[in-house]
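Hi,

Here is the model I said I would pass on. Have a look at it first, and then read my notes below.

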Amino acid sequence: LNSFTLLPVTMPGVAEATTRHELHEATADVGAQFDWHFAMLNDEPRNKAFRTAICAAVDPGPCRALDIGAGSGFLALLAAREGCTVTAYETDERLAEVAKANVVCNGAEGKVKVICQHSTEAAS
């Protein structure tokens, strides 16, 4: 479970900020928006339970999975590890970029596709 490499959330505008005000503007919503996500990623019993559930749900052989609200891509990576090809939807551009980077970092490019849009906007 701990063998994944999960990259930190990076935010547009942070590297370009030259004043404290610009830095505050670039990160104003991050605490409120992502605190819950960081807490989930660090909840080991929760993550073990999801891994157990995914392992139990996935039959041997090729399968497809849909991850709605993919966040950093952790659950999509768990499903890919079990043999699924995963389509992962995330509406927040920053988290979608982190998920894409995590997919590459973990060598799952052919197994996980991250799409930055609401799942209800997906083509049938």
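Leaving out residues up to four places away in sequence, which residues does E90 touch? They are G69, A70, G71, L95, A96, I115, C116 and Q117, where a contact means heavy atoms within 4.5 Å.

First, the ground rules. This is a predicted model, so local features need pLDDT of at least 70 and side-chain atom pairs count only at pLDDT 80 or more, while totals for chains, interfaces and linings use all residues. Residues are numbered from 1 along each chain as its sequence is written, and side-chain values use heavy atoms, with hydrogens and water left out.

**Layout**

The protein chain has 5 helices and 3 strands. Both kinds of element are DSSP runs numbered from the N terminus: helices are H or I with at least four residues, strands are E with at least two. Read from the N terminus, the order is α-α-α-β-α-β-α-β. Of the 124 residues in the protein chain, 30% are buried (buried is under 20% relative accessible area, exposed over 50%, partly exposed in between, with a 1.4 Å probe and protein chains only). Among contacts with a separation of 6 or more, 65% are between residues 24 or more positions apart.

**The strands and their crossovers**

Strand β1 (residues 63–68) runs parallel to strand β2 (residues 84–89), and 6 bridges join them; strands pair if DSSP finds at least two bridges between them. On its other pairing, β2 is joined by 4 bridges to strand β3 (residues 112–115), again in parallel. Y89 turns up in both pairings: Y89 is the bridge partner of I68, and I115 in β3 is the bridge partner of Y89. T87 stands opposite K113 in β3.

The β1, helix α4 (residues 74–81) and β2 set forms a right-handed β-α-β unit. Right-handed here means that, with the strands pointing away from the viewer, the path from the first strand over the helix to the second runs clockwise. From β2 the chain then crosses through helix α5 (residues 93–105) to β3, and this β-α-β crossover is right-handed.

**Helix α5**

α5 has 13 residues and reaches 18 Å from first C-alpha to last, close to the 18 Å expected at 1.5 Å a residue (the expected span is 1.5 Å times one less than the number of residues). At its start, a side-chain oxygen of D92 comes to within 2.9 Å of the backbone nitrogen of R94. After the helix comes G107, with a positive phi near 65°.

Buried residues in α5 are R94, L95, A96, V98, A99, N102 and V103. N102 counts as buried because its relative accessible area is 0%. Its side chain reaches the backbone oxygen of S72 at 2.9 Å, a polar contact (a pair of N or O atoms within 3.5 Å; within protein, one must be able to donate a hydrogen and the other to accept it, and residues adjacent in sequence count only if both atoms are side-chain atoms).

**Back to E90**

E90 sits in the loop between β2 and α5. Why is E90 counted as buried? Because its relative accessibility is 8%. The E90 side chain reaches the backbone nitrogen of A70 at 3.4 Å, and a polar atom of that side chain lies 3.0 Å from the backbone nitrogen of D92. E90 and D67 are 23 residues apart in sequence and 8.5 Å apart in space, C-alpha to C-alpha.

**The core**

The largest nonpolar core has 18 residues, and those with the most contacts inside it are V86, A88, V103, V112 and V114. Such a core is a set of buried Ala, Val, Leu, Ile, Met, Phe, Trp, Tyr and Cys residues joined through side-chain atoms within 4.5 Å. The elements giving two or more residues to this core are α4, β2, α5 and β3, with the largest share, 6 residues, coming from α4. Neighbours within four places in sequence aside, V86 is in contact with A65, D67, A76, A79, A80, K111, V112 and K113.

**One exposed site**

A56 belongs to helix α3 (residues 44–57). Its relative accessible area is 65%, so A56 is exposed. The C-alpha atoms of A56 and E82, 26 residues apart along the chain, are separated by 9.8 Å.

Cheers
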